[in-house]
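This report describes selected helices, loops and residues of one protein structure. Please read it alongside the sequence and the coordinates shown here.

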Amino acid sequence: MAKVPRFMTLMMFTIDEFSFTDENGIPTRNTVPPIGGGTYAAIGARIWLPPDEVGMIVDRGNDFPQDIQDKLISYGTDMWHFRDHNDQKTICGLNTYRGDHRGFQYLTPRIRLFPRDLHGTHLAWPASIHFICSPARALQIISEIEQVDGWKPITIYEPVPDDCVPEELPTLIKALPSITVLSPNAEEAFSFLSISSPISQKSVEAAAAHFLELGVDNTGPECVIIRSGALGAYVATKTDGGQWVDAFWTPEDNEKVVDVTGAGNSFLGGFAAGLQLAGGDFHEATLYAVVSASFTIEQRGLPTLRVTPETGVEEWNDDIPMRRVDALRQRHVGMERYHKHH
């Protein structure tokens with residue numbers, strides 16, 4: 001009997017195009033690998049889990065490149081559920097970077113994914129499920145989950161940036177009682193809550209505390225993680241308070257940070273895997289999340305997996321992920337900001 005996946009993302013597979021210009025519209029660079037969308041979340045979990053415990057639906061259009069197919073298969077065939085669409089192109093998006101301003105638009109029709117798409121596939125019904133969307137669509141996804149008898153997954157919700165605005169907060173509040181983990185980045189969190197103060201540890205901690213108290217009858221999410229760039233990640237629960245976890249690569253390791261594309265998605269895939277490997281400990285799971293992100297930002301595109309034939313040991317970018325978790329844990333031992341704040 002096939003294993004039930006431990007993690008599945010409902011993010012769409014996309015082939016991304018990129019446009020880099022300066023403030024005057026003059027092109028600056030254009031060499032970025034084309035895989036985007038939920039692939040980073042799936043690989044963030046795959047770093048910790050075997051391929052038959054990770055899942056993602058890939059909608060292949062009639063132009064699906066062989067090199068991308070080969071790259072996906074290099075991580076294990078079991079983690080992908082391919083659906084072929086011979087009458088249309090693969091979902092494609094355009095990322096535009098003009099100076100410090102980033103934009104995104106779809107160049108093809110989207111095929112949005114819902115829990116119902118898992119029916120009859122080897123990906124049903126995962127122990128944890130990740131989705132990035134508007135609060136309204138999150139409510140739809142939650143409704144479909146609740147209609148499946150006996151399926152009570154860990155739900156990890158990443159709000160889509162364009163909908164992190166105060167007008168969407170009432171809809172978010174309706175969704176929160178059914179969300180296990182809410183994880184915006186700091187800018188998104190502040191936008192939701194109309195916080196105008198600069199991003200600092202103190203202001204991020206206040207935002208996380210606010211989210212924990214939201215929800216119908218104050219039944220907010222179990223856990224809030226606010227990803228805060230160089231400050232690290234702040235993970236907070238009502239029962240255990242909050243704590244900061246550093247980014248793995250410090251400012252002194254600046255040459256290691258090549259491209260942060262997909263880092264947030266990879267972080268949450270790693271978090272979902274870590275949460276199950278760490279017995280439900282949200283704070284410990286964040287170490288796994290940070291390490292997944294560290295592998296993602298070391299290059300343009302996805303990290304490289306290599307298996308040692310003699311031992312079967314997996315190395316990612318020529319390193320062993322658990323070594324980084326142990327190093328990160330040791331870095332925090334005795335550090336005051338890793339202690340829990342109540």
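## Gln 201 in helix α6

At 24% relative accessibility, Gln 201 counts as partly exposed; buried means under 20% relative accessible area, exposed over 50%, and partly exposed in between (1.4 Å probe, protein chains only). Gln 201 belongs to helix α6, where helices (H or I, at least four residues) and strands (E, at least two) are DSSP runs, numbered from the N terminus. Gln 201 and Gly 280 are separated by 79 residues in sequence and by 25 Å in space, C-alpha to C-alpha.

## Basis of the model

This is a predicted model, in which local features need pLDDT of at least 70 and side-chain atom pairs count only at pLDDT 80 or more, whereas totals for chains, interfaces and linings use all residues. Residues are numbered from 1 along each chain as its sequence is written, and side-chain values use heavy atoms, with hydrogens and water left out.

## Packing of helices α1 and α7

Two packed helices are described by the angle between their axes and the distance between the axes. For helix α1 (residues 39-46) and helix α7 (residues 263-277), the axes come within 6 Å and cross at roughly 35°. Axes are lines fitted to C-alpha atoms, for helices over the stretch in contact, and angles run from 0 to 180 degrees between N-to-C directions. The crossing of α1 and α7 is right-handed; a crossing is right-handed if the near helix is turned clockwise from the far one by less than a right angle, and left-handed if anticlockwise. From α1, Tyr 40, Ala 41, Gly 44 and Ala 45 make the contact, and from α7, Asn 265, Ser 266, Gly 269, Gly 270 and Ala 273; contact means heavy atoms within 4.5 Å. The contact residues comprise 4 nonpolar, 5 polar and no charged. Here Ala, Val, Leu, Ile, Met, Phe, Trp, Tyr, Cys and Pro count as nonpolar, Asp, Glu, Lys and Arg as charged, and the others, Gly among them, as polar.

Helix α1 is largely enclosed by the rest of the structure, because 8 of its 8 residues are buried. Among them are Thr 39, Ile 43 and Arg 46. Helix α7 is also mostly covered, with 13 of its 15 residues buried. The end C-alpha atoms of α7 are 21 Å apart, which agrees with the 21 Å that its 15 residues should span at 1.5 Å a residue; the expected span is 1.5 Å times one less than the number of residues. After α7 comes Gly 279, with a positive phi near 65°.

## Asn 265 of helix α7

Asn 265 lies in helix α7 and, at 12% relative accessibility, counts as buried. Leaving aside neighbours within four places in sequence, Asn 265 is in contact with Met 11, Gly 37, Tyr 40, Ala 41, Ile 132 and Glu 158. The C-alpha atoms of Asn 265 and Pro 166 are separated by 23 Å, the two residues being 99 residues apart along the chain.

## Helix α8 and Thr 296

Helix α8 (residues 282-296) has 15 residues and reaches 21 Å from its first C-alpha to its last, close to the 21 Å expected. It is mostly covered, as 15 of its 15 residues are buried. At the start of α8, a side-chain oxygen of Asp 281 comes to within 2.9 Å of the backbone nitrogen of His 283. A polar contact is a pair of N or O atoms within 3.5 Å; within protein, one must be able to donate a hydrogen and the other to accept it, and residues adjacent in sequence count only if both atoms are side-chain atoms.

Thr 296 is placed in helix α8 and counts as buried at 2% relative accessibility. The side chain of Thr 296 reaches the backbone oxygen of Ser 292 at 3.1 Å. Not counting residues up to four places away in sequence, Thr 296 touches Tyr 40, Asp 259, Thr 261, Gly 262, Ala 263, Ser 266 and Gly 301.

## Loop between β8 and β9

Trp 125 is found in the loop between β8 (101-106) and β9 (128-133). The peptide bond from Ala 124 to Trp 125 is cis, with omega near -20°. Thr 121 is placed in the loop between β8 and β9 and is buried, at 15% relative accessibility. A polar side-chain atom of Thr 121 lies 2.9 Å from the backbone oxygen of Leu 118, and the side chain of Thr 121 reaches the backbone nitrogen of Leu 123 at 3.1 Å.

## Positive phi in two further loops

Most residues other than glycine have a negative phi, and most peptide bonds are trans. Ser 194, although not a glycine, has a positive phi of about 55°. Ser 194 lies in the loop between α5 (186-192) and α6 (201-213) and counts as exposed at 53% relative accessibility. Asp 318 has a positive phi near 60°. Asp 318 is found in the loop between β16 (314-316) and α9 (321-332) and, at 59% relative accessibility, counts as exposed.
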